[in-house]
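Hi,

Here is the structure I promised to pass on. Have a look at it first, and then read my notes below.

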Amino acid sequence: MGLELYLDLISQPCRAVYLFAKANGIPFEVKSVELLRGQHMTDDFAKVNSLKRVPALKDGDFTLAECSAILHYLSQKYNTPAHWYPSDLQARARVEEYLSWHADCIRGNFGAMLWIRVLGPLIDVHVPKEKVDRNIASMTQFLQHLEQKFLQDKPFLTGDHISFADLMALEELIQTVYAGYDVFKGRPKLVAWRAQVEATLGEKLYQETRETIHKLCTDPSAFKNIPSAMQERMKLRLSKIP
């Protein structure tokens, strides 16, 4: 049995895993898990990941959850180029430093804009303006940290070459762009960094990877048939936006 990746490319971490596997020629089978249809909540999927989250990996009898862990596993198993996750102690520490900060600051804030502008209206839920303003203020602060602490004057977040950090960061920031809030506007350093990452990946690959999120944001009516149980989970998620 070959490598299976359980993904929904609406999800930023799923896109990061997909991009990494494709960019490195790793052979795998995509097992589609449609989040808006609640497929991640099924008993069958729980056998792969009891946390009921994507991305997830199945490699023979071995299963693994969480984007960062999956990227680490794939890089080691398939001996991908060292720039993704350097062997040098200090260079590797820089990648880990970013990933730790990312989980708390980028991952926890930038995804909200899709909920505010696309997913909420899809189920007739509208987030109060004061919450939207707080989210934008938080993103603005974290974008400054991203530029000043991590990117600085480098071509990539942790050095001269692309790493896990760049994939995970860019897909979070891109999510806001598709939702109609361009976090790159007025930030030439981030614009140049985005161009570097996308040039490294290749236009065909990143456009293929973002096709589903593009469709969701440009034609949300195509995703209107959401089960009632999933709508309730979505309402709960929307209520937790600070």
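This is a predicted model: local features need pLDDT of at least 70, side-chain atom pairs count only at pLDDT 80 or more; totals for chains, interfaces and linings use all residues.

Residues are numbered from 1 along each chain as its sequence is written, and side-chain values use heavy atoms, with hydrogens and water left out.

Cysteines

How many disulfides does the whole structure hold? The search finds zero, a disulfide being a pair of cysteine sulfur atoms within 2.5 Å. For Cys67, the closest cysteine sulfur is in Cys14, and at 8.0 Å that is too far for a bond. Cys217 also has Cys14 as the closest one, but here the sulfurs are 15 Å apart, again too far for a bond. Cys217 counts as buried too, at 17% relative accessibility.

Helix 4

At its N-terminal end sits a cap: a side-chain oxygen of Asp88 lies 3.2 Å from the backbone nitrogen of Gln90.

The buried residues of helix 4 are Val95, Tyr98, Leu99, Trp101, His102, Cys105 and Ile106. Among the elements that cover them are helix 3 (67-77), helix 6 and helix 7.

Aromatic pairs

There are ten aromatic pairs in the whole structure. Rings of Phe, Tyr and Trp (its six-membered ring) pair if their centres lie within 6.5 Å; planes under 30 degrees apart count as stacked, over 60 as edge-to-face and the rest as tilted. One of the pairs is Tyr98 with Trp101, which is tilted because the planes are at 55 degrees, with the ring centres 5.8 Å apart. Tyr98 and Trp101 are three residues apart in helix 4, so about one helical turn separates them.

Trp101 also forms a tilted pair with Phe150, at 4.9 Å centre to centre and 40 degrees between the planes. Trp101 lies in helix 4 and Phe150 in helix 6, so this pair ties together parts that are 49 residues apart in sequence. Trp101 counts as buried at 16% relative accessibility, and Phe150 does so at 6%. Elsewhere, Phe20, Trp84, Tyr85 and Phe164 form one aromatic cluster.

Salt bridges

The count comes to 16 salt bridges, each a side-chain nitrogen of Lys or Arg within 4 Å of a carboxyl oxygen of Asp or Glu.

- Lys149 and Glu97 have their closest N and O atoms 3.0 Å apart. The pair links distant parts of the chain, with Lys149 in helix 6 (residues 129-151) and Glu97 in helix 4 (residues 89-106), 52 residues apart.
- Glu172 and Arg107 meet at 2.9 Å, N to O. They are 65 residues apart, Glu172 being in helix 7 (residues 164-178) and Arg107 in the loop between helix 4 and helix 5 (112-122). Glu172 is buried at 1% relative accessibility, whereas Arg107 is partly exposed at 35%.
- Arg37 pairs with Glu34, with 3.0 Å between the closest N and O atoms. Both are partly exposed: Arg37 at 38% and Glu34 at 33%.

Shared partners also join Arg15, Glu171, Arg194, Glu198 and Arg210 into one network of salt bridges.

Two more residues

Thr209 is in helix 9 (residues 203-209) and counts as buried, because its relative accessibility is 0%. Leaving aside neighbours within four places in sequence, Thr209 is in contact (heavy atoms within 4.5 Å) with Leu9, Arg15, Tyr18 and Leu19.

Leu64 lies in strand 4 (residues 62-65). Leu64 and Leu5 are 59 residues apart in sequence, and 9.7 Å apart in space, C-alpha to C-alpha.

Cheers

Key
Helices (H or I, at least four residues) and strands (E, at least two) are DSSP runs, numbered from the N terminus. Buried means under 20% relative accessible area, exposed over 50%, partly exposed in between (1.4 Å probe, protein chains only). A polar contact is a pair of N or O atoms within 3.5 Å; within protein, one must be able to donate a hydrogen and the other to accept it, and residues adjacent in sequence count only if both atoms are side-chain atoms.
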